[in-house]
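Work through each task before reading its solution.

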Amino acid sequence: MEYKFSTKVTSHSRISEVDFNNIPFGKVFADHIFTADFDGTHWKDFSIRPLEKLPLHPATMAWHYGQAIFEGMKASISDEGVPLLFRAKDHAKRFNTSARRMCMPEIPEDLYVESIKQLVSLDRKWIPLEEDSALYLRPVMMATDEFVGVRSSDTFKFMVMTLPSGPYYNKPIALLVEEHFVRAAEGGVGEAKAAGNYGGSLYPTKLAKEKGYDQVMWMDAKEFKYVQEVGTMNIFFVLDNVVLTPNLSGTILRGLTRDTIITLLKEKGYTVEERPVSMEEIATAASNGKLNEVFGAGTAAVIANVQRIGYKGKDILLDMDKTTLSKELKSNINGIRKGRIKDTHDWITPIYQEELMLS
Ligand SMILES: Cc1ncc(COP(=O)(O)O)c(C=O)c1O
């Protein structure tokens, strides 16, 4: 379908204020934003304009009842200067899965992708060229009825903002196995990228940080026995030549980096087991010298090596000299994202200016 976008270009680009060699994650925003509104029946008012603050009523429902979802994606630029989106269509699908679970309207996949293509094309100069850097894209949808009382909102706002970003972690990370708080239980909203999932994770993460760890490793909500995921990443364990990762049980996010890694590993001939992974199994493998690598996988960090896992009052230590598989995978993913390695899976959406639905 064709959508009519109204576009207003800034007369004061802020790009000259940015040091692209030193970009703090999450703080620097590119010049423009995309917004669309759902009026109870239709998506309308597709607008790209200079990023600005929103005037919102204090009773805006998203703030009270948490009807808010988001995505995190990345755009890179090829050596030929073509902006490339990574797994854009899959992010659109996941956004709609989150929307359904949170009783929000779906957004047509082509509108989702087209809005991002137009926005990224306009702010293409903001895509960092540096290694391990990208333009981070943040689509978000929020309930906008001005109403006090628990029900689903009728109206919603969809927005996309973009942020140039450098490496998310600049060193290997330490995880603390969480044996009291839970992130998600079966039947809950753990599989949705719902804002409240992150709000609930902050206090346990703060406690873990006070103990010297970077992130919490979430366990299943029934027995605290099986690993779920980590902060904003899925988790992988490399045992000799078998790679383990928790299966999609409805409690963890269906990570697209996770899916990318599983696909690449299978192509390389590795055995990947997606199944319940108990912390006891991991601790035993570590003490038998069989745990070669542990790494988190997510859009922001791509791959974050784990150096230390706090479990039952002791630390499992990983040898950073053995992190060969994760390094290879990271370089494969970055290569595909930059267009240097052939995309054989239809993961890349190139943005050719002449193909955009210009209004
Ligand atoms: C809770 C959670 N798990 C896993 C991931 C990794 O997902 P993806 O690889 O799609 O970014 C994320 C990041 O989006 C996340 O927030």
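For sorting residues by class, Ala, Val, Leu, Ile, Met, Phe, Trp, Tyr, Cys and Pro count as nonpolar, Asp, Glu, Lys and Arg as charged, and the others, Gly among them, as polar. The model is predicted.

**Exercise 1. The open space**

Characterise the largest pocket by its volume and by its lining.

Solution. The space in the largest pocket comes to about 440 Å³. Its lining is made up of 27 residues, and F70, Y136, R138, K193 and T232 lie nearest the pocket centre. Two or more lining residues come from each of β7 (134-143), β8 (156-165), α5 and β15. By class, the lining of this pocket holds 13 nonpolar, nine polar and five charged residues.

**Exercise 2. The ligand**

Where does the ligand sit, and which residues of its shell are the closest?

Solution. First place the ligand: its site is the largest pocket. The elements with two or more residues in the shell around the ligand are α5 (256-267) and β15 (291-298). Then take the shell itself, in which 16 residues surround the ligand, with R94, Y198, E229, T257 and T299 the closest. Sorted by class, the shell has five nonpolar, seven polar and four charged residues.

**Exercise 3. Polar atoms and burial**

Find atoms of R94, E229 and L256 that lie by the ligand, then state how much of the ligand the protein buries.

Solution. From R94, a polar side-chain atom lies 2.7 Å from a ligand oxygen atom. From E229, a polar side-chain atom is 2.5 Å from a nitrogen atom of the ligand. L256 contributes a backbone N or O atom, 2.8 Å from an oxygen atom of the ligand. As for burial, the ligand taken alone exposes 380 Å², and the protein buries 97% of that.

Methods. Residues numbered from 1 in each chain as written. Predicted model: local features only at pLDDT ≥ 70, side-chain atom pairs only at ≥ 80, totals over all residues. Heavy atoms only, no water. Near = heavy atom within 4 Å. Polar contact = N/O pair within 3.5 Å; in protein donor to acceptor, adjacent residues only side chain to side chain. Areas by Shrake-Rupley, 256 points an atom, 1.4 Å probe, with all protein chains shown as cover. 1 Å grid on protein atoms, 1.4 Å probe; cavity = no way out; pocket = protein on both sides within 12 Å on 5 of 7 lines; lining within 4 Å. Sits in = over half its atoms within 2 Å of the grid points. Helix = DSSP H or I, 4+ residues; strand = E, 2+ residues; numbered from the N terminus. Points joined across faces, edges and corners; volume = space filled by probe spheres on them.
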